[in-house]
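Trainee: I have a model open on my screen and would like to learn how to read it. Could you take me through it?

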Amino acid sequence: MLRIPDDLYREMVEHGLREFPNEACGLLAGRDGVPVRFFAMRNLDASPVSYRLDPKEQLRVFDLMDEEGWDLLGIFHTHTHSEAYPSETDLRLAFYPDAYYLVMSLSDRERPELRAFRIVDGEVTEEELEIG
Amino acid sequence: MAVNVKLPTILRKHAGGAARVTAQGSTLREVLEDLERSYPGITKNVLTEDGGLHRFINVYLNDEDVRYLGSLETPVAEGDTVSILPAVAGG
C-alpha cells in the first residue's frame, strides 16, 4: 500500500495541469516506503502521447536521492486523453521493477484520477493507493 | 584496466544482486564485453542486436553521458566509474 501525502499529491496535479495537453512526468522519492519529495521533471518528448525524462536531469535527481538516502519510490506521468492505466508503451519501457508506476488521467481535468501499479517483466499489478 | 560499474536494480539479478561490480577493459565496449563474460545475459538489454547502445539505456562515465563522449568506443581509465541507468520513459 502506498500513501501519498496531500501536499505531494497536489504538486503532481499542478504539474500535470501545467504541462497539459502534453504528458507530464516526475519522480517520487521516499524513505522506507514513505514519500518525502516529488520532483516535477521535464518531458523531453514534449508530447501529448509520450514522455521521456531528460537523462541529465534524471541522473542529477538520482544522485541527489542517493546523497539524501532516499529511494526511487515512484515514477509519475499523466495520460492526457486516456485512462489511468499503463499503456503498451509504458509496459515496454518499464525498467524499474522496484518503483510504483503512478499514472494520472487528466481526461477530465476537473477530476484527476491517480492509480498506482507495479510493472515487472511486462506484467501489471495494481497497488492500493491512499491520498492524504 | 579495472573500472567500477554501477548497476540498476533491473540488472542486479544477473550479478547475484550486487549493486556495484568491477570489470576490465580499455574502452566502454570492452568493459561491457567483460561484464557479459562474468555475468551472462547482463548486457542483453543494454546493447542492441547489432552491437550498439540501446536507445533507452543511458550510460555515464564518471557522470558524463557517453553519447557525448565516444559512445561505446569511449576510452576508460583505471578506477573510472561506469553507471548504467535505464531511461524513465513511456506513453
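Mentor: Let's begin with burial: in chain B, 45% of the 91 residues count as buried, where buried means under 20% relative accessible area, exposed over 50% and partly exposed in between (1.4 Å probe, protein chains only). Keep in mind that this is a predicted model, where local features need pLDDT of at least 70 and side-chain atom pairs count only at pLDDT 80 or more, while totals for chains, interfaces and linings use all residues. Residues are numbered from 1 along each chain as its sequence is written, chains are lettered from A and ligands numbered from 1 in the order in which they are written, and side-chain values use heavy atoms, with hydrogens and water left out.

Trainee: How many helices and strands does chain B have?

Mentor: Helices (H or I, at least four residues) and strands (E, at least two) are DSSP runs, numbered from the N terminus. Chain B has two helices and six strands, in the order β-α-β-α-β-β-β-β from the N terminus on. Its radius of gyration is 12 Å, close to the 12 Å that the globule rule gives for 91 residues, so chain B is as compact as a globular protein of that length. That radius is taken over C-alpha atoms, and the rule is 2.2 Å times the number of residues to the power 0.38. The C-alpha trace of chain B spans about 40 × 30 × 25 Å along its principal axes.

Trainee: Is D80(B) buried or exposed?

Mentor: D80(B) counts as buried, at 13% relative accessibility. You'll find D80(B) in the loop between β4 (64-65) and β5 (81-86) of chain B.

Trainee: Which side chain makes a polar contact with the side chain of D80(B)?

Mentor: A polar contact is a pair of N or O atoms within 3.5 Å; within protein, one must be able to donate a hydrogen and the other to accept it, and residues adjacent in sequence count only if both atoms are side-chain atoms. For D80(B), the partner is the side chain of N62(B), at 3.0 Å. A polar atom of the D80(B) side chain also lies 2.8 Å from the backbone nitrogen of A77(B).

Trainee: And where does T80(A) lie?

Mentor: T80(A) sits in the loop between β5 (71-79) and α3 (88-92) of chain A, and T80(A) is buried, with a relative accessible area of 2%. A polar atom of its side chain lies 3.2 Å from the backbone oxygen of P21(A) and one lies 3.4 Å from that of P48(A).

Trainee: Which residues touch the most other members of the largest nonpolar core?

Mentor: A nonpolar core is a set of buried Ala, Val, Leu, Ile, Met, Phe, Trp, Tyr and Cys residues joined through side-chain atoms within 4.5 Å. Among the 27 residues of the largest one, look for L27(A), I75(A) and Y96(A). The largest share of this core, four residues, comes from α2(A).
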